Amino acid sequence: MEPNAESEALSLIAGYGDRADVDAPPMGLRRMVVLAWRTWPYIRPMLLHLIGLVAVMLAGGLTGLVGAFVGVDLFANKVLVGEKLQPLQATVLFVGEEYVTTDPVKLAVEDDTAGDEDATIEPDLTKAQRRTVRNRLVIWGIVGAVFATAVGYVFWYYSTWIWQSINQNLRVAMIERAESLSLKFHDSSRVGDAIFRVYQDSAMIVNLIQSAIFSPLTTLYGLLTGIVIVAAFDPWFALLVLMVGIPTAYVIVKSTPRVRRRALANRVANSRLTSRIQEAFGAIKVVKANRAERRIFDQFDEDSKAALDAAYFLRLDMVLVTLVVAVLGTGLVIVSEYIMVGFVIENRETFAGALLAGFVGFVVWNYGAVQIAGRFVGNLSGSARGLLGIWMRMQDLFIALERAFYLLDLEPEITDPDDPVPFPAPVEDVAWRAVHFGYDADKVVLAGVDLEARVGTVTAIVGGTGAGKSTLMSLLLRLYDPGAGTVSVNGVDIRHMAVSDLRSNVGIALQKNVLFAATVAENIAFGTPDADRAAVEAAAGVACADEFIRAMADGYDTELGERGGKLSSGQRQRLSIARAVVRDTPVLILDEPTASLDARTEQRVLRNLAEWGRGRVIFLITHRLSTIRNADRIALVEDGRIVEHGTHDELMAGVAGRYRAFVDAETTGRAAA
Amino acid sequence: MTETLATPARAAPSRNGGQSKTLALLKEVLGRNRFDDRIDTQPDVTTAQALGVIGRSIRLIAEAKGLFAAKVAFGFVAVFPALFLPWMAKILVDNAILGQPFGITAVSYPPFMDPILGAVYGRDPLGIAMVLMVIYFALLIVFGGRSGATGAGLLEGRDAATQAENQISGGLSRVGGVWGLAEFMVHVRLTQTLSNRLRARLFDRLTHLPMTVLDDQRAGDSVYRVLYDTPMAPDLAYRVTSEPFFMLLGAALNLYILQYSYGEVSPELVWVAWAAVPIAFITTFPFSGALRRTNQNKRAAGSATTNAMEESMSSIAAVQSLGAGEQEKARFAERSQESFLRERYSIAVIIVAASVAGAVGGIAAIYVTILVSDRIIDGVMTVGDFAVLIGVYYGIAEPAGYFGAIWIKLQETVAAARRVFFFADYESDETRQGGRPLARVTEGVRMRTVGFAYPDGHRALTGVNLDLRVGELVALVGPTGAGKTTLAYLIPALLRPTSGRVLVDGVDAGDIDLDALRRQVTYVFQEHLLLPESIRENLELANPEASEERMMAALETAGCMDFIAQLPDGIDTVLGRSGDTLSVGQQQRLSIARGLLRDSSILILDEPTAALDPQTENQLVASLHQAAEDRLVVVIAHRLSTIRNADRIVFLDEGRVRDIGSHDELMADRASAYREFVELQGGETQES
């Protein structure tokens, strides 16, 4: 299997110097705090569980610590060395008095693991006793290991569940917002970007508490205690540590905006790639028919490489900064060892050693002092590196949250009024009054439309392509709000009604017959989930779809395939009409309902609709004369205005004759201009 | 729509209390449930198939041989610096800090320490410390000695999709310094190259699926597979080649130390450590099927979530205007919830398998503890030996544990890789290369007893015989669902007849090179699909070499100029999502312009005029006539004004050709189905 198209290799350094084509967002500490705070509503529902999680963590840690202490003492001092047991140890191991120590010193200082020379005065445990202790300890070890493992696994599952639930809360909130944003937003944004934000960016919330709160706090704590202890040994030493801290801090501060920019570039590039794939498969038919697979592939390949480069360069920057800090920190450890060797040789006094001489022997620099001080210098260096790692990952984390909240911060233009008026019933009339609208300020689509339709009538909206017919109707659904003027039902401005109430009272069959990859029945009941099968079938009957649906393999339960791809467009159109009909709304809009229907079906559908539409307000957008002629009223839209309005006969007799010209063009098949 | 997520296991009633409840839960966790897949419906993998998937993944490495070799070489060298560090620490403590002379302890340094010992021998403590400091610094700069590994994994979420990014670009070197940096760079580029190759190939293959398959392939699923499943295959390749190599190397080094210092007990320790390998393998093996299953499920559920999101975002206008926002939100929420649940199910199986493997390792560790402590109790060994021996034991047991669990750990990746290879291997006519060339269609298209049935059994065409000649404008007419579009799809081989033959210039369309055939056939769809790029780019999709003049001419013919002139950037205006910034009629005109721009011998327009106003329609039909002078133009239409201008009309009904002839001929025939159709369509008497 040789692939048709092959991607070229990626370079190790080419492109690294190119500046990422995004600007680092302003992301100060304050913004981070704000973003973290804003995740609260999604975390709060799981708060009790989070507290439970922390409790399990602490309890587990404590139990482990105590267990390890006692276990090490028992194994090292008692089994391997042969000392006698503490009373409590004997109790838990179920061994007799003969195992227990009588040495008062040992009884006073429990669990002192350091082998004390005096204790060996009393007789040791016999070999057989040591074996008994060992065997019982092993049994306890097994019990402890099983318990710890079980708790660990439960903890894993439980914490996964908690964080997934928090992620789910955020995801759903984002989807809800995305779905309520006006079409103006959706027209100019990419589907893949929304997918990326909801899917990838939102997921970072699960790391928030661990990475932005716990880890920095613990490493900061390590850093501070380290400095204090090192200073206790030698203040000059602490000064040296702080001096290494200066270039380290400089490198971190300098590189942060760069890492941030790279993190954003990585997310943007991957979002673009997601969009590219989504768009390719969303329009795959055109791609195939134009044999444009190669072209689409090249675009994909370019985006794919851009995404990989962005991911690579982000990490390269992170690694470079870490490398510099690691050399500085470990260099400090190495230099301090050399200095300490000097201290030991000259028997130098430690700074605070004399104060603590009562219980630790570090008055002068000796082997133990080097061990302890060296370990803390190492810890300091390690903490600094850890903090740097967390800091850089936090940049990516907050960039992601910023992108997630960008979506949540978009205010839907179409909002419910504070005190919504219910949709009037029964409906008497629908009216547009002096309505102006433009998608952009400089592109006027509607310029003062006045139109009224009364209940029980069918109004045909007629006009040239791009005249604004569909836009006019979408205002009635509040897919957009007019720039000026009002749309009203029974004289009530629809902006005073709740959006969901309005949309559940206005049905529409769209010009683009959007179907979903689901069954026929589900597609018809889309938007009316509680419609029962009888209602679905009745609606299909009105749309003359019942017949072909029943002829399909599984009837109403037939799967329609991606975007309803398995149907002819006439069939899709009828499903679309059935979908509008099943909603049983007092106002119905049919956008080019019959464009893809043959004449016979068209006539039947129109007859059914006329029958069904008694007591409703129906709008038809159409070019077909046979459809237009059946309407009660006809409104001719030109240049964003209603230029003629009346019955077919009235308009045919009209003086201006624009409608007549339109009809002539349709019937004679000649350009009439 | 929610029923598509039907999970039969969940519906199972739990009548007989505990036992059947447990059974139902097991079924729920391990059951193969139906998500959104309609093509890839048999995701189960047998052990043999799993081995096949692993083999396929290993072969991927061949595509980045250089990087892989470099990675292994870097990694190999990086193993050794760590060997020096403990011995150097010993010199620092014994001879510098404690100031002891050399040679007072019995421990013999390994031979590789000779150069360093030579350098420090005979110096005073401070001198020794200085030499060591210099060596430490050299090691630090080159190998990051004492500063740890190099890696830059980003934070990730609790689902497979968000973990994919690190899988591709994580990168790791076990050392730091310049060496670690170089190894890290090679590693990232290696996994990226392999992932990129694979996802590019998968993408390419998916775009070449036959139309009947693409109808069932969800866009969200394609996104998921290309982006989130592909990284697992290189991961798999890495896990069965480089990783075991270094594990073995680590085990060998530890064995060497063991043999060198503790030859007496070593045979038994080694024996115990490696006995764990087959035992861990045998005990975890039964879980491999369950692990593959749960991982298939979690990825299928992730795909389903992506589908839900992709679908409602792509069709947002419909969602909003039908008031389905709540419903769509609920659908997404349910699927997202389900996919998270499936992630947890796979974790549950991992927990069970890991417990078993952990128990095996634990028992071995207990045995070793008893063995060594017995010797200490008996006084054969000292207390100090215990820590060293246990350390060495884990040095061997860790790689042993790795090999014992390697199979079970691979299963997660096998599940993902299978999802990739399923479509990467999907063979179709579309992917076939070669075939007869076709420079230009000079005669036309002939259909001989052509029948077509969809995979679900629906019969769309029966016994179609048809001659379509270059120089004609042919209208395909008929009731909805008559098979017009299916018939037209056969010409560019978007579909292939299930019986009979389609001949282009006398050659079976199936034998013609697909690129050449599609270059000669332009198809303008009913759904006017535009890409969210500029108008110019949308046109270039059809003909990348088209000159500015020709573009303008095509736009003019299709009646696009009046609205393009009003756009802020004219022809370079970027269209919104699937062209939605334009009205449907404008989108349709643009699609037609795109069709006209392609200089092909056959032009098929599927309902080109449905959304056009009469004026534009008439212009278009006139220009189609012009175009038909040296090519074949096929128009599928309902509008009389379009149909009647055709040279010939083919009237289809229920998948059969009923009438063929010009408008006047067919109208003159009182019995023709076409005449009846026309009378209904006009609903009027004033036609010519």
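A polar contact is a pair of N or O atoms within 3.5 Å; within protein, one atom must be able to donate a hydrogen and the other to accept it, and residues adjacent in sequence count only if both atoms are side-chain atoms. With that rule, 40 residue pairs, both at pLDDT 80 or more, are in polar contact between chain A and chain B. The model is predicted, and local features need pLDDT of at least 70, side-chain atom pairs count only at pLDDT 80 or more, and totals for chains, interfaces and linings use all residues. Residues are numbered from 1 along each chain as its sequence is written, chains are lettered from A and ligands numbered from 1 in the order in which they are written, and side-chain values use heavy atoms, with hydrogens and water left out.

Now for the interface itself. Counting heavy atoms within 4.5 Å as contact, 182 residues of chain A touch 190 residues of chain B. The two chains bury about 16600 Å² between them, 62% of it on carbon and sulfur atoms; buried area here is the accessible area (1.4 Å probe) that two parts lose on being put together, summed over both. Of the area that chain A buries against chain B, A:Glu179, A:Arg291 and A:Arg315 supply 5%, more than any other three residues.

Salt bridges come next: a side-chain nitrogen of Lys or Arg within 4 Å of a carboxyl oxygen of Asp or Glu. One salt bridge joins the side chains of A:Arg131 and B:Asp374 (2.5 Å, N to O). Another pairs A:Arg315 with B:Glu165 (2.7 Å, N to O), running from helix H12 of chain A to helix H8 of chain B. Helices (H or I, at least four residues) and strands (E, at least two) are DSSP runs, numbered from the N terminus.

Helix H8 (residues 160–169) of chain B also packs against a helix of its own chain. Its axis and that of helix H9 (residues 177–207) of chain B come within 6 Å and cross at roughly 120°, which makes H8(B) oblique to H9(B). Axes are lines fitted to C-alpha atoms, for helices over the stretch in contact, and angles run from 0 to 180 degrees between N-to-C directions; under 35 degrees counts as roughly parallel, over 145 as roughly antiparallel, 65 to 115 as roughly perpendicular and the rest as oblique. On the H8(B) side, B:Gln167, B:Ile168 and B:Ser169 meet residues of H9(B) that include B:Val188 and B:Arg199.

A cis peptide bond, with omega about -5°, links A:Ala425 to A:Pro426, and A:Pro426 sits in the loop between helix H13 (367–409) and strand S1 (429–440). A:Cys544 is not a glycine, yet its phi is positive, about 55°.
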